Amino acid sequence: MNAPALEQIRQRLPEFKVDVMLVSAAPNVRYLTGFTGSNGLVMVWEGGAVLFTDPRYAIQASQQTGCTVRIVRGSLAAAAAKAIAARRWRRAGFEAARMLYSDFAALGDALPLGASARPLPPLVEQLRIIKSEAEIAAIRRSVLTNSQALDATLPKIHPRMSEADVAAELEYQQRQFGAEKPAFETIVASGARTALPHAEPGAQPLKPNQLLLIDMGACREGYMSDMTRVFALGEPGRKLRGIYAAVLEAQLAAADAVKPGVTAARVDRAARRVLEAHGLGRAFVHSTGHGLGLEIHEPPRIGRKDSTTLRPGMVITIEPGAYIEGVGGVRIEDTVLVTEAGREPLTPNSKELISL
Ligand code: ZN
Ligand code: ZN
């Protein structure tokens, strides 16, 4: 149970004129209670907190959380509504960006006359944006696991392998080094397909004199890591080497811009300016990065318009890229911790263009 986080949620309830908050998003339930099951709902109010889950998780929930656990059959939202009715509360806040419509409807149906469900902003996500020492330690372990999996895979890559074979080896190695699972579907793309930022690994054998792009993340102890590296299979040619050098320059410039007090938009601008100077501004089709933690994509977004001010304890990715249809693409991505002094790139892997 995360007592400080529950207390911070409690303190904000009056601001939104609600008696109780219902937290239904699984990562938020985990953050507040420690419960990792797929079906949970936390009810937080001034005097306490209860975790609702179903009979499949009765043993697990009692082991994982210090919260009061209530085992219910059927809709957890409806069970929470009954608890709300019993306590004669009138105003129940829910996570507007997270609750399923079916749960919202079940909640509304079960609330007593005169009680209402009120949409709340992402209060738990606002707490999760600053990582605790324990969370930072878990992210470090996740990053290390991910990096070890890449290092163990590189010597095994040979020309008869397909992108899908490489992805399978990477995910096997992630588990070997302690990951529970990949943080997302591993991206392995070669040749012109590297121009697809989210390519799905294909079955065709790797070809020589191309680029190979690997974007991989580990989930360890529930915490994510995220890294992209691009390799040369033989000699990819001057044009792609030029794109690689420009993206690396942009990645280093954006990482250098990371420090407390600057906005996420300013970090994005640092990457974009470099790529624009190389004539690749329009080839950079996504934002510079994103926060990560219990989820692979969390606030802040390191994008053109994000006004979030960076603070120590945020963990973000820095991942500019440039993609040219028919030619190929390059993205270089590190996981970076914002520190009091500036930044600490957590990803240890080399960013030189290595030939496999
Ligand atoms: Zn990535
Ligand atoms: Zn990423």
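Which residue forms a salt bridge with Glu-221? Some friendly notes follow.

1. The partner is Arg-141, with the closest N and O atoms 2.8 Å apart (a salt bridge puts a side-chain nitrogen of Lys or Arg within 4 Å of a carboxyl oxygen of Asp or Glu). Glu-221 sits in the loop between strands S10 (218-220) and S11 (223-224), and Arg-141 in helix H7 (residues 133-153), 80 residues apart (helices, H or I of at least four residues, and strands, E of at least two, are DSSP runs numbered from the N terminus).

2. Please keep in mind that this is a predicted model, where local features need pLDDT of at least 70, side-chain atom pairs count only at pLDDT 80 or more, and totals for chains, interfaces and linings use all residues. Residues are numbered from 1 along each chain as its sequence is written, chains are lettered from A and ligands numbered from 1 in written order, and side-chain values use heavy atoms, without hydrogens and water.

3. Asp-334 and Lys-351 also meet in a salt bridge, at 2.6 Å from N to O. Asp-334 is buried at 2% relative accessible area, and Lys-351 is buried at 19% (buried is under 20%, exposed over 50%, partly exposed in between, with a 1.4 Å probe and protein chains only).
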